[in-house]
Amino acid sequence: LTVGALESTLTIPQRASGFNISSYTAWGPTDDGRIKPDLMGIGSNIYSSTNSTTGTQNNLYEYNSGTSMASPQVAGSLLLLQQLYSRQNKGQFMRSASLKGLALHTALDLDVVGPDYKTGWGVLNMEEAGSVLLNKNNNYSLSELKLSKSETKKISVTASGNGPLVVSISWTDPEGKTQGEILNDRTPRLVNDLDLRIKDGTST
């Protein structure tokens, strides 16, 4: 999971306009066109622990900025989602692909509509991700399935009509082959190319 860094203009931002892309974060895409970063987190002016020699042993904290601030903030948040899932599923945890898919599916979209090479799927939205896991009004469905080579899975859903039907698929892809020292090699690294289609009986 590749995490980019944002600056926030609000204490608890709840809309896209409350964020700015930091000047130091990197953008994608990868050489073969995959979207990076995947997700964004707050990375500027984070009060965090430090190994600085200027502080005392009881006060090794300071404000820092960087993707090294955004990444642990996102990682810790995702662990809380695993904890919530575990409490509801008899000690079981989500697969890594499910956790990543949940985070991307519920992210607050930034910049442009849909995933992009600047901000990925958007900023981590813990409230929305937690709502999917709690599923109090039966508005959500999270399934973990196994798919064999050339196999097709079909799932029937009923749209509520209260908003758009939004569907995601996520999987852990086997590592691809390295391409040696070729500069900007566009050869796809994706091993398993899975497609998701939504049909309403008339259109796809």
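Where is isoleucine 155 found? Select isoleucine 155: it is in the segment after α3 (126-134). Helices (H or I, at least four residues) and strands (E, at least two) are DSSP runs, numbered from the N terminus.

Before going on, note the ground rules. This is a predicted model, in which local features need pLDDT of at least 70, side-chain atom pairs count only at pLDDT 80 or more, and totals for chains, interfaces and linings use all residues. Residues are numbered from 1 along each chain as its sequence is written, and side-chain values use heavy atoms, with hydrogens and water left out.

**Stop 1**

Buried means under 20% relative accessible area, exposed over 50%, partly exposed in between (1.4 Å probe, protein chains only).

**Stop 2: the tyrosines**

Select Tyr47, Tyr61 and Tyr63. Ring pairs link these three into a cluster. The structure holds 2 aromatic pairs. In one of them, tyrosine 47 and tyrosine 63 are tilted, at 4.9 Å centre to centre and 40° between the planes. Tyrosine 47 lies in strand β4 (residues 46-49) and tyrosine 63 in strand β5 (residues 61-64), so the pair ties together parts that are 16 residues apart in sequence. Rings of Phe, Tyr and Trp (its six-membered ring) pair if their centres lie within 6.5 Å; planes under 30 degrees apart count as stacked, over 60 as edge-to-face and the rest as tilted. Colour by accessibility. Tyrosine 47 is partly exposed at 48%; tyrosine 63 is exposed at 58%.

**Stop 3: backbone exceptions**

Most residues other than glycine have a negative phi, and most peptide bonds are trans. Go to proline 29, in the loop between β2 (19-21) and β3 (39-42). A cis peptide bond joins glycine 28 to proline 29, with omega about 5°. Move to proline 37, also in the loop between β2 and β3. The bond from lysine 36 to proline 37 is cis, omega near 0°.

Next, select asparagine 45, in the loop between β3 and β4. Its phi is positive, about 55°. Asparagine 45 is exposed, at 57% relative accessible area. Finish at asparagine 135, in the segment after α3, where phi is positive at about 50°.
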